[in-house]
Amino acid sequence: MDLRYSEEDDEFRARARAWLQAHVPQSSRPPRGRAAADFDRAWQRKLYEHGWAGIAWPKEYGGRGLTALQQVIWYEELARAHAPHHINTTYVALMHAGPTLIARGTDAQKAYHLPRILSGEALWCQGFSEPNAGSDLASLTTRGVVDGTDVIVTGVKTWTTDAQHADFQELLVRTDTRSHRHHGLTWLICDMRSRGIEIRPITTMLLDEHVNTVFYNEVRIPRANVVGDMGDGWSTALATLSFERGTGFIGDQLELYERVQRAIQLAKQVRLEDGRFAIDHDDIAERLAALKAETMAIRAMTLANIAEVDRTGVPGPKSSLMKLMVTSTHKALSELIGDTLGWEFLEFDGNRVSHPWTYDFLWSWVYTIAGGTSEIQREITADRLLGLPRTR
Amino acid sequence: MFLAPDGCELEIVDTAAKFLSRSIPLDRLHGTGASPALKPDVRADFATMGWFGLVLPEADGGNGLSAVEHALFYREVGRHCGPIDILAQSLAAIVSDEPQLRRALLAGEQCVVLAVPDGQSLRLLGSHDAPLALHVERDRGRLLDVSAIETAACPSLDPATGMRTIAGGTARTVALSSDGDVWSLGQLGVAAMQVGVAESALALIVEYAKVRETFGRKIGTYQAVRHACADMALRAEAARCQLWSAAAALKEHRSDAHVHLDAAKHLANRAAVVNADVNIQLHGGIGIAEEHHAHLLLKHSLLLARLFGSKRTLLARLLHAELEV
């Protein structure tokens, strides 16, 4: 057990830090819309051209072939440099579609898509959830009917983040209509410019439109776009997990730690209704300090997870705990800042630049719901980590 | 960088687990013959195994291992609500600079308990007959001769820990060390024991939830139980991983090791106390029975929570602490 970085790790960190210092965009990311997506693409393009894309991806697929730890170092340096956050419109392509194609894609699929994903040329969105299949994803009903060399898709997907900006979608449909639950599903690459697709944005409680409902009216998708086997889509969807080594949250960790430090500064400047500084209230001081300890634990959990996966070769069972930890810490901190700030906390009209604290507070529900609700994460933990009996 | 037990470290965990479940099983704390004392023959077994000299340098007669092995060993001790004497005895061997005394401590011939502040005085925690007591502060450790002073045994909520107050007389200082290492190892040891308590509580309820049935179903199928267990797993995981951070930071003499230690102790306190609480609740009626282990974990965690930094102190320090970057 040790906390020491190797010489290569230190050199990698130094190179990353120097490069970021010289290249982090001077302008801040536009808060929304096409401009935000263009900003993300341009930043990814720059990372790609300078060899900072796909750090832990295998070399044969255009990655750097570096270690999970170096991936963590990269996220830490991104956060330290206040570089654009890696959870942006490129996220699904880089963190989900790419790894899935690497695990299960055909040579042709890999050759076409992976370079476009790494370079930011292609943005992806996810087509898993439906109006009646959220937490219970396996109950999805969007249908895919094989017709010659095509699969014809009809149905509805929803909560699709950035569908309006995406070029491709990872689309999970039921190709065997007699099948139940996890069986008879197929994972397809859907070109978002296909005929028959209609995208309707959903305005959220954050007053933005980052999620959408997507309607498919007999959309033709070539059979060549099936990833994995026809009817084996559930296993393809899970294959991504084998790539995930629980490192994706480390950027949030460092950001959360810095946010706690900023909140402490804020509490030293803000007076509460009794005229005393917020920091001089024991309850606020204690909550801030406890959150600092929790953000430290998130880092420790990430590093311990990498070590355990390295030793056992078995990934994944603790990523649910990681998500619970990060999202609950984020929410507790957002609430605390809300308790500290005065009326300006409530002067929110959707502008995340002028009112970042309020925006982050509202975002905490996106965090605890998207990508598997906290309740589902607890179920996964009970099943896979604790081995409790299941009824589902 | 490898933030998990590995190689020889795992062997020590295994050896410790086997030894402790034989020498200090939780069953010792139930029934009429129950006693918090570390019995002489058991103390001798600990000495034979070399546990009292785990981190003491080899030149001083110890095993010369690091803070990491120290944390791993005390986590196992915590699972069994092990007597606090074990930690006091080990730390006393570090404080002692006199070879003969150190040898006697390592051999378990001289018994040590822990002295903690109690208003203007001290209170002694551990076996009632110990003639020595170790008082540890952040910047020093003092080994005291308490054989000549007047002490009074008092009731103890925690069946694993005897308590005595000092009624009169002045304890003589036998040995003094004036660096922070003794505190750090003490804090790490207690945090590790709390992690062990938190993990034991989780293990007990998970085992029970797989067999106990209500309304014709195993209770482990109910989300009211499952989700509470998942939250226990998260508390234990966060505390355990931060414990690894603190142990490695201390081993590597990092300048921010004390910040990692304070965070580890805080998270371990919370994990132990809350997990012990939830474990009782989820067991239902049997959870409040004396014959069950559940209450032992809660009572021991409440005692450990007051040692080497209680919540108030730890959080006050953490608020202004800075990490090395």
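**Group meeting: a two-chain predicted model**

Okay, let's start with chain A, which has 11 helices and 8 strands; here helices (H or I, at least four residues) and strands (E, at least two) are DSSP runs, numbered from the N terminus. Before I go on, this is a predicted model, so local features need pLDDT of at least 70, side-chain atom pairs count only at pLDDT 80 or more, and totals for chains, interfaces and linings use all residues. As for labels, residues are numbered from 1 along each chain as its sequence is written, and chains are lettered from A and ligands numbered from 1 in the order in which they are written.

So, overall dimensions. The C-alpha trace of chain A spans about 75 × 50 × 45 Å along its principal axes. Its radius of gyration is 22 Å, which agrees with the value near 21 Å that a compact globule of 392 residues would have. That radius is taken over C-alpha atoms, and the globule rule is 2.2 Å times the number of residues to the power 0.38. How much of chain A is buried? Of its 392 residues, 45% count as buried. The cut-offs: a residue is buried if 20 or more other C-beta atoms lie within 10 Å of its own, exposed if 12 or fewer, and partly exposed in between, with C-beta atoms placed from the backbone. Take the contacts in chain A between residues at least 6 apart in sequence: 71% of them join residues at least 24 apart. By contact I mean two residues whose C-beta atoms, placed from the backbone, lie within 7 Å.

Now chain B. This one comes to 10 helices and 9 strands. Its C-alpha trace spans about 65 × 55 × 40 Å along the principal axes. With 325 residues, a compact globule would come out near 20 Å in radius of gyration, and chain B, at 19 Å, agrees. Here 55% of the 325 residues count as buried. For contacts in chain B between residues at least 6 apart in sequence, 69% join residues at least 24 apart.

Two packed helices are described by the angle between their axes and the distance between the axes. Helix 4 (residues 85-95) and helix 6 (residues 181-209) of chain B pack at about 165°, and their axes are 10 Å apart. That makes helix 4 of chain B roughly antiparallel to helix 6 of chain B. For the bookkeeping, axes are lines fitted to C-alpha atoms, for helices over the stretch in contact, and angles run from 0 to 180 degrees between N-to-C directions. Angles under 35 degrees count as roughly parallel, over 145 as roughly antiparallel, 65 to 115 as roughly perpendicular and the rest as oblique. Who makes the contact? From helix 4 of chain B we have Leu87(B), Leu91(B), Ile94(B) and Val95(B), and from helix 6 of chain B, Val182(B), Leu185(B), Gly186(B) and Gly189(B). By class that's 6 nonpolar, 2 polar and no charged. Ala, Val, Leu, Ile, Met, Phe, Trp, Tyr, Cys and Pro count as nonpolar, Asp, Glu, Lys and Arg as charged, and the others, Gly among them, as polar.

On to where the chains meet. There are 37 residues of chain B in contact with 40 residues of chain A. On the chain B side, helix 6, helix 7 (223-251), helix 8 (257-283) and helix 10 (311-320) each supply at least two residues. Which helix of chain B gives the most? Helix 7, with 15 residues. The side of chain B that touches chain A has 23 nonpolar, 7 polar and 7 charged residues.

Helix 7 of chain B packs against helix 8 (residues 282-312) of chain A at about 80°, with the axes 8 Å apart. The two are therefore roughly perpendicular to each other. Helix 8 of chain A brings residues including Met296(A), Ala300(A) and Met301(A), and helix 7 of chain B brings, among others, Cys241(B) and Trp244(B). That contact has 8 nonpolar, 2 polar and 2 charged residues.

Asp162(A), in the loop between strand 3 (150-161) and strand 4 (168-174) of chain A, has a positive phi near 60° without being a glycine. With 23 C-beta neighbours inside 10 Å, Asp162(A) counts as buried. His253(B), in the loop between helix 7 and helix 8 of chain B, also isn't a glycine and has a positive phi of about 55°. Buried or exposed? His253(B) is exposed, with 9 other C-beta atoms within 10 Å.
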